[in-house]
Amino acid sequence: MTLSRRIYPGATIGIIGGGQLGKMLAQSALRMGYKVAVLDPSEDAPAKATSHLFINAAFDDEKALKQLGGASDIITYEFENIDGPLLKRMVDEYYVPQGAETLLTLQNRETEKEAIRSSGAKVVPFAEVSNDEDVKAFAEKEGWPVIVKTATGGYDGKGQYLIESADDLKKEPIPYEDTQFIAEKYLDLEREVSLTVARSADGKTIVFPLQENLHRNQILYRTIAPSRVDRQKDAEAEVEKIMNKLHFAGVFTVEFFIDKSGELYVNEIAPRPHNSAHHTIESCNISQFDAHILALTNQPMPEIRQHKPAIMMNLLGQDLDRLGDALYDHPEWHVHLYGKSARKPERKMGHVTMLTDDTADTLEKLKTDFEKER
Ligand code: ADP
Ligand code: MG
């Protein structure tokens, strides 16, 4: 399989997954003159509106995936949990510059953390656990509290159990029989940051400014870019180690923890566009979505410049009610609504980006203007 090719405008980019990430990827691709084909199980997926061909099928529907492959000159994904063997067959038959290996490694938290650790980058102490005794043994070594996470399929904090002490294990049983789990030392966090990087199919990389991420209920709530602490170089050094170990093509984001003593740990890696880099659409010379398309089609990528600091706020289902009026009071807001028909609490329905010279002031105003009912 050829590792890098030029994919000229006019070609069709096939995207596995048609959520908001697929939609925004498609918008970049369309602007650059590509055609877009999308596969998604939801019949009104956001990216249906931004595709020439929309295949409404499950992610494990091999026939449908091959239909996507046959209709596309290049395949990428916005969705990480694609069946491994199926993805491998796609890679054999079609042009998938991201390959299958990295995705498969990152799909499972244990193999992900193992790969990061063996690259020499720092990860939070972790261990595979399959019963309460394992969790206790881990806590005896690393100390309480411990966070137990499903090894696969988790996102936005789903499938996570914060265990403060051995007593907690009795209160909330962990369904070890259902799936694989890992235990992680629960850190007293000072901050969370993330670094978004794009690597072209022939190996050139560009780096976005380090982003600072605020979470609520383990879901991303605000991003501040650039981060209020400058750990750009430290984060880049960690990503460099990881890139020597794992093959990346296109855009990916590395999430980091910073603990109270200033220690930087890699948390996890998303080998696709990431919520914390949505601000790049307005705040940078090219967005993370542009970068992904440029990287995969092997077009030259510019060095990243950020025009202005940015605050990104996510709009979850419950935030939409408040948006109505706020929208009309803020001509300076860049409002993105993904076009999801079902509004659910905690579901990501859209986001707003604000460019500002004073991030502290903008954050404060958001608190009084937009968050007062929370
Ligand atoms: P997901 O795949 O759901 O994003 P993460 O491992 O990134 O899972 O966890 C979601 C959030 O939960 C993190 O961004 C962080 O706020 C919190 N969290 C997860 N693991 C830890 C930990 N070991 N110590 C402290 N906070 C954690
Ligand atoms: Mg995460």
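## A serine in a loop

Where is the place of serine 276? Serine 276 sits in the loop between strand E14 (264-270) and helix H9 (280-283), where helices (H or I, at least four residues) and strands (E, at least two) are DSSP runs numbered from the N terminus. The model is predicted, so local features need pLDDT of at least 70 and side-chain atom pairs count only at pLDDT 80 or more, while totals for chains, interfaces and linings use all residues. Residues are numbered from 1 along each chain as its sequence is written, chains are lettered from A and ligands numbered from 1 in the order in which they are written, and side-chain values use heavy atoms, with hydrogens and water left out.

Serine 276 is buried, with a relative accessible area of 0% (buried means under 20%, exposed over 50%, partly exposed in between, with a 1.4 Å probe and protein chains only). Its side chain makes polar contacts with the side chains of glutamine 211 (3.3 Å) and histidine 274 (2.7 Å); a polar contact is a pair of N or O atoms within 3.5 Å, of which, within protein, one must be able to donate a hydrogen and the other to accept it, and residues adjacent in sequence count only if both atoms are side-chain atoms. Leaving aside residues up to four places away in sequence, serine 276 touches residues including Ser194, Asn213 and Thr253 (contact means heavy atoms within 4.5 Å).

## Helix H6 and its ends

The buried residues of helix H6 (residues 132-142) are Val135, Phe138 and Ala139. Seen down the helix axis, these buried residues fall within an arc of 100 degrees, so they line one face of H6; the arc is that of the directions from the helix axis to the C-beta atoms. On the other side of H6, Glu133, Glu140 and Lys141 are exposed, whereas the cover over its buried residues includes strand E5 (126-129) and helix H7 (166-171).

H6 is followed by glycine 143, whose phi is positive, near 95 degrees.

## Backbone geometry

Most residues other than glycine have a negative phi, and most peptide bonds are trans. A cis peptide bond, with omega about -15 degrees, joins tryptophan 144 and proline 145, and proline 145 lies in the loop between H6 and E6. Asparagine 298, although not a glycine, has a positive phi of about 65 degrees, and at 14% relative accessibility it counts as buried.
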